[in-house]
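Look at the sequence and the structure, then try each question before you read on.

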Amino acid sequence: MRHLSTVDLEVEQVSGVTIVHFPQEVDAVNAAAIRERVLRLLNSGVTEMHLDLTGTRFLDSAGIHIIVRAHGRSTALRVPLSAAIPEEGTVRRVFELTGLSRLVPTTIGPPRPSSTTGTAASRPCSTARARARGRKPRR
């Protein structure tokens, strides 16, 4: 029997978007519980999901795996998935170095509900901005 660490993830609905607030640290200790909760939410029929990592200070390979799995499941279910990351720090660096910001639409800073689309809106990360201008992202 597999033991899942208990993790209290704050989940909220804002304008039809399910926002999942990740904890300060995401690592092998709590990743299985977070992954199961995120996938369960996706399977429950949400119409859009936003992963809020703006309060996360540490994200290891187990955390990367959560986001990749969520992307795969959301793609299969045709549920839009996006993420918000801190303006600075290791989580932003992990997203840029691993290419997560190219896999999952990523914004910088806390999500704010958009009054026109109902989706969470923030500034796109530098990788997304570079792609929009037709350039390669800086490394």
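Q: At what angle do helix α1 and helix α2 pack?
A: This is a predicted model, in which local features need pLDDT of at least 70, side-chain atom pairs count only at pLDDT 80 or more, and totals for chains, interfaces and linings use all residues. Residues are numbered from 1 along each chain as its sequence is written, and side-chain values use heavy atoms, with hydrogens and water left out. Axes are lines fitted to C-alpha atoms, for helices over the stretch in contact, and angles run from 0 to 180 degrees between N-to-C directions. The axes of α1 (residues 31-43) and α2 (residues 61-77) lie 10 Å apart, and the packing angle is about 10°.

Q: Is α1 roughly parallel or roughly antiparallel to α2?
A: Angles under 35 degrees count as roughly parallel, over 145 as roughly antiparallel, 65 to 115 as roughly perpendicular and the rest as oblique. The angle here is about 10°. So α1 is, relative to α2, roughly parallel.

Q: Which residues of α2 does α1 meet?
A: Contact means heavy atoms within 4.5 Å. From α1 come A31, I34, R35, V38, L39, L42 and N43. Their partners in α2 are A62, H65, I66, R69, A70, R73, S74 and L77.

Q: How do the residues of the contact of α1 with α2 divide?
A: Ala, Val, Leu, Ile, Met, Phe, Trp, Tyr, Cys and Pro count as nonpolar, Asp, Glu, Lys and Arg as charged, and the others, Gly among them, as polar. By that sorting, the contact of α1 with α2 has nine nonpolar, three polar and three charged residues.

Q: How many helices and strands are in the protein chain?
A: Helices (H or I, at least four residues) and strands (E, at least two) are DSSP runs, numbered from the N terminus. Along the sequence they follow the pattern β-β-β-α-β-β-α-β-α-α-β-β-α. The protein chain holds five helices and eight strands.

Q: Why is strand β6 largely enclosed by the rest of the structure?
A: Buried means under 20% relative accessible area, exposed over 50%, partly exposed in between (1.4 Å probe, protein chains only). In a regular strand the side chains alternate between the two faces of the sheet. L81, A83 and I85 point one way from β6, and S82 and A84 the other way. β6 (residues 81-85) is largely enclosed because five of its five residues are buried.

Q: Which residue of β6 is the bridge partner of D52?
A: Two strands pair if DSSP finds at least two bridges between them. Strand β4 (residues 49-52) and β6 pair in the parallel sense, over four bridges. In β6, the partner of D52 is A84.

Q: Which residue takes a positive phi in the hairpin of β1 and β2?
A: β1 and β2 run antiparallel, joined by five bridges. In one of the pairs, E10 stands opposite H21 in β2. The hairpin has two residues between the strands, and the one with a positive phi near 50° is S15.

Q: Is R78 buried or exposed?
A: R78 sits in the loop between α2 and β6. Its phi is positive, about 60°, although R78 is not a glycine. With a relative accessibility of 78%, R78 counts as exposed.

Q: Which residue follows α3?
A: Helix α3 covers residues 90-98, and V91, R92, V94, F95 and E96 are buried there. The residue after α3 has a positive phi, near 85°, and is G99.
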